[in-house]
Amino acid sequence: MTYPVIHVDALHKQFPTATKPVLSNISLSIEHGEIVAFLGKSGCGKTTLLNMIGGFEAPTAGRILLDNEIVTKPSKKSIMLLQNYGLLPWRTVYSNVLFSLENSPLSKEQRHERVINGLTLVGLEDRANAMPNELSGGMQQRVAIARALAIEPEIILMDEPFAALDTFTRYFLQDEIVRINTQKRMTILLVTHDIDEAIYLADRIVILAPNPGRIYKEITIQLPRQRDRASQDFQHYRELIFKEFQLSHEPPAIEYNI
Amino acid sequence: MKGSKWLYALASFALAIGLWQLVIIVGDYPEALFPGPLAVLEKWCALVADGSLFVHIGVSLYRFIIGYGSAVIVAIIAGVLLGRLPRVWALIDPVVQVIRPVSPIAWSPFIVLWFGIGDMPAIVIIFIAAFFPVLLATVAAVNRIDPLYLKVASNFELSQKDLIWKIILPAAFPAIGSGLHMAIGSAWIFLVAGEMVGAQSGLGYLIVDARNALDLDTVLAAIVTIGVIGLALDHLLRIFEHAIKKVWTGKTI
């Protein structure tokens, strides 16, 4: 591929009622198979950015290219995982995963195979007939992951996907994401305010600053996979990012004060 | 718990009938003005034996099913459309709020003039009685659908048709269901009134006819029958709801 899977070009977003733009002059490229984390405090526009990449919101100016095509509406190429999972409570686990394939040209057997593969990948093949409300939050998010994987999207967008889960479930699912990324070479974009999560998962961390939302700094994480949360190197990145956020606590520099 | 529920129901009816008999004994009212349970039971058995009760029940159920069924179908279709078009609903809602509190019986002069006599007046009155609860419940339910589901639907590129069948109807169904229950109650109530307008058969007519003959045993026998059938209809609706929900789980597919 000669072009990046996602290309964000001079993106600008302002809501009609707001006096300040949410996002201003965002440009970045994301390569196929990359995991990119958007890190920032609330109000920095990271969720809006993800929504625009997913086609759920339109930019005020600038454009987003997905596979060299301008994003105008949501598509099956980029599936969004949500903090509250977005499962359909009236359907079984199996039927929720099947939902993503129901208007695909695949045969019935192929669909069944995809659903079972997806559920097996997240370790829930034995809960296929359960209803979503019979599952824990972590299990529900795994069903949502299986549903996203079943249609084999190019990109998975995650909006604080594990924020509502306890620490151990979160670690488990983070490993799952790394495994899926390695197995399927799927591009993953992640919005988070959890610094550890960003360092553990991402190839690259994009730090956003608020008022107006803009790219403050990009940090490439040069750690091998199977990262150790307790290692020296990991701590090094933690300190690095921590300092960046300390910086943004200082009185704003002149250029932002105009 | 389920067994004891039936036990309570049984005890409740026994208590009511006992009280009724007690009032008869203590009050010593003339039989012609206030018939006792035995007289009513006797009359009821006679009506069953000569088959006339089943004819009336059959006719009433036919009108009810046509009126209620068509009202539910029209109201759900209209409700889904109007729920998806909030501006149009905002335009229609005030008029609906004015028409809704009017008893369907109030329309009876027009209904008889426009639809004649026979089955139609009762069917139209049942239709009016059932239509508004279902319409309002459906519009409200469609309006209240969690935007999350719509986001998921757009992400998976659902067509408009699939959006309605796979997201909107299942998501709105529990709330539509409570509208269906309200409607089945009020529609059954208005069946009797509807059959007092220009009908020559049915349970409502049975009551009017018996009243004219001062045959109060028959009146009470018909009242009890109407009550029992009303209860049974509500239970049937519940079974129907469960069946629909089961289809949507995808377990059968």
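This is a predicted model: local features need pLDDT of at least 70, side-chain atom pairs count only at pLDDT 80 or more; totals for chains, interfaces and linings use all residues.
The interface of chain A and chain B draws on 26 residues from chain A and 18 residues from chain B. The two chains bury about 2,100 Å² between them, with carbon and sulfur atoms giving 64% of this area. One salt bridge is counted between chain A and chain B. In this salt bridge the side chain of A:Glu102 meets that of B:Lys166, with an N to O distance of 3.0 Å. Polar contact across the interface of chain A and chain B amounts to nine residue pairs, in which both residues have pLDDT 80 or more. On the side of chain A that touches chain B, the elements giving two or more residues are strand β6 (78-81) and helix α2 (93-99) of chain A. The largest share of that side comes from β6(A), which supplies three residues. Sorted by class, the side of chain A that touches chain B comprises 12 nonpolar, 10 polar and four charged residues.

Within chain B, the domain assignment places residues 1-30 in domain 1 and residues 37-249 in domain 2. A distance of 30 Å separates the C-alpha centres of domain 1 and domain 2 of chain B. Contact between these domains involves four residues of domain 1 of chain B and four residues of domain 2 of chain B. About 360 Å² is buried between domain 1 and domain 2 of chain B, and carbon and sulfur atoms contribute 85% of that area. The count of salt bridges between the two domains of chain B is zero. The side of domain 1 of chain B that touches domain 2 of chain B consists of three nonpolar residues and one polar residue, with no charged residues.

For chain A, an unreviewed UniProt entry lists residues 6-235 under "domain: ABC transporter". In the model, this span of chain A, residues 6-235, is 31% helix and 25% strand. The end C-alpha atoms of residues 6-235 of chain A lie 30 Å apart. Both β6 (78-81) and α2 (93-99) of chain A, the elements named above for the side that touches chain B, fall in the numbering range 6-235 that the UniProt record gives for chain A.

Notes
Residues are numbered from 1 along each chain as its sequence is written. Chains are lettered from A and ligands numbered from 1 in the order in which they are written. Side-chain values use heavy atoms; hydrogens and water are left out. Contact means heavy atoms within 4.5 Å. Buried area is the accessible area (1.4 Å probe) that two parts lose on being put together, summed over both. A salt bridge is a side-chain nitrogen of Lys or Arg within 4 Å of a carboxyl oxygen of Asp or Glu. A polar contact is a pair of N or O atoms within 3.5 Å; within protein, one must be able to donate a hydrogen and the other to accept it, and residues adjacent in sequence count only if both atoms are side-chain atoms. Helices (H or I, at least four residues) and strands (E, at least two) are DSSP runs, numbered from the N terminus. Ala, Val, Leu, Ile, Met, Phe, Trp, Tyr, Cys and Pro count as nonpolar, Asp, Glu, Lys and Arg as charged, and the others, Gly among them, as polar. Domain bounds come from an automatic or database domain assignment. UniProt positions are given in the numbering used here, feature names are shortened, and annotations may be inferred rather than shown by experiment.
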